[in-house]
Amino acid sequence: MLPWLHRIHFLNLDIVAGVIASAILAERVCHCTLPAGWWFVIPVAAWLIYTLDRVLDDNRASGDYPTLRHAFHHRNRRPLLIACIVLAPACAVVAALTLPPFTWIIAICAGALVAIHHLAQHLFTSRWLSVLKDVNVVVTYTAAIWSVPVILSPDPGPVVFMTIACIVLVTWAIVVVESIADVDIDTALHQPSVARALGPKGTMAMVTASIGLAAALAIGIMTTDLPAGAMLLLMCLATTCLPMLFRSGIDRPITRLLAELVLSLPYLLLFFAR
């Protein structure tokens with residue numbers, strides 16, 4: 001039996017938690033209220049994308065399952081696919097009934113980015129493709145969460161876009177740190193990755209630069225919204241600890257779970273009035 005913390009990560013529930021937490025932050029800085037359906041559609045859509053990506057990873061493993069995550073998705077492939085088949089139309093129906101029409105344009109654009117991501121993975125083998133692939137992941141993740149709040153915002157000022165930039169940089173730093181931790185596995189599976197493309201020094205330089213710029217933005221945001229800025233700064237500090245966490249010898253699923261949960265820190269904003 002897998003520990004329950006492993007299951008949370010393998011089932012991508014940490015991703016869902018991060019999406020909802022980011023929406024709490026988005027509502028705060030955009031001074032808007034998201035449609036009720038958003039809280040179902042976007043988290044479920046994120047879960048579907050990540051789960052299907054993991055299932056495709058299982059296909060690419062070709063019977064060799066180098067991690068517990070690959071083995072989990074191989075063993076549970078059928079129930080996961082059934083869940084996707086049930087949730088995908090439910091997600092579309094709820095979106096059609098509850099979300100503004102412009103969200104369909106956003107959904108089509110996000111879907112196109114995901115499709116490009118997977119097509120590029122299968123058609124090209126350039127080591128630099130991995131950098132573009134992971135940039136695409138961060139852009140899609142951010143656009144899916146923030147596009148509706150920005151559009152609904154009565155006055156999307158500089159703080160909104162500073163916050164988005166800060167979240168993009170922190171998310172990118174997390175992706176790169178995870179790439180460093182997975183470099184041996186990616187090499188064994190012949191998968192492109194940022195760490196393989198840039199090398200150890202290049203990836204750490206990118207992480208440092210991303211966190212440094214994100215921290216500077218967070219400090220700037222604190223002058224307008226102290227709780228939001230302080231929370232973003234806390235996210236930056238937590239991200240700086242991730243390389244040490246991955247080198248600590250703690251089980252890989254737990255370290256990846258903790259890394260993904262950095263994006264759940266905005267739940268702390270529930271304790272502060274807007």
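**Notes on the predicted model**

1. Arg-54 and Asp-53 pair up through their side chains in a salt bridge, 3.6 Å from N to O. The cut-off here is a side-chain nitrogen of Lys or Arg within 4 Å of a carboxyl oxygen of Asp or Glu. Arg-54 is buried at 9% relative accessibility, and Asp-53 is buried too, at 15%. For reference, buried is under 20% relative accessible area, exposed is over 50%, and partly exposed sits in between (1.4 Å probe, protein chains only).

2. Before going on, some housekeeping: this is a predicted model, where local features need pLDDT of at least 70 and side-chain atom pairs count only at pLDDT 80 or more, while totals for chains, interfaces and linings use all residues. Numbering runs from 1 along each chain as its sequence is written, and side-chain values use heavy atoms, with hydrogens and water left out.

3. The salt-bridge count comes to three. One of them joins Asp-225 to Arg-28, with the closest N and O atoms 2.9 Å apart. Asp-225 is in the loop between helix H10 (194–222) and helix H11 (226–240), and Arg-28 is in helix H2 (residues 13–30), so this contact ties together parts 197 residues apart in sequence. Both ends are covered: Asp-225 is buried at 12% and Arg-28 is buried at 6%. Helices here are DSSP runs (H or I, at least four residues), numbered from the N terminus.

4. Arg-256 and Glu-178 also form a salt bridge, at 3.5 Å N to O. That one links helix H13 (Arg-256) with helix H8 (Glu-178), 78 residues apart. Arg-256 and Glu-178 are both buried.

5. Trp-38 and Trp-39 make an edge-to-face one, 5.4 Å centre to centre with 75 degrees between the planes. The rule takes rings of Phe, Tyr and Trp (its six-membered ring) with centres within 6.5 Å; planes under 30 degrees apart are stacked, over 60 edge-to-face, the rest tilted. Trp-38 is buried at 0%, whereas Trp-39 is partly exposed at 29%.

6. No disulfides turn up in the whole structure, going by cysteine sulfur atoms within 2.5 Å. Cys-109 is partly exposed at 46%, as is Cys-241 at 39%.

How values were computed: Helix = DSSP H or I, 4+ residues; strand = E, 2+ residues; numbered from the N terminus.
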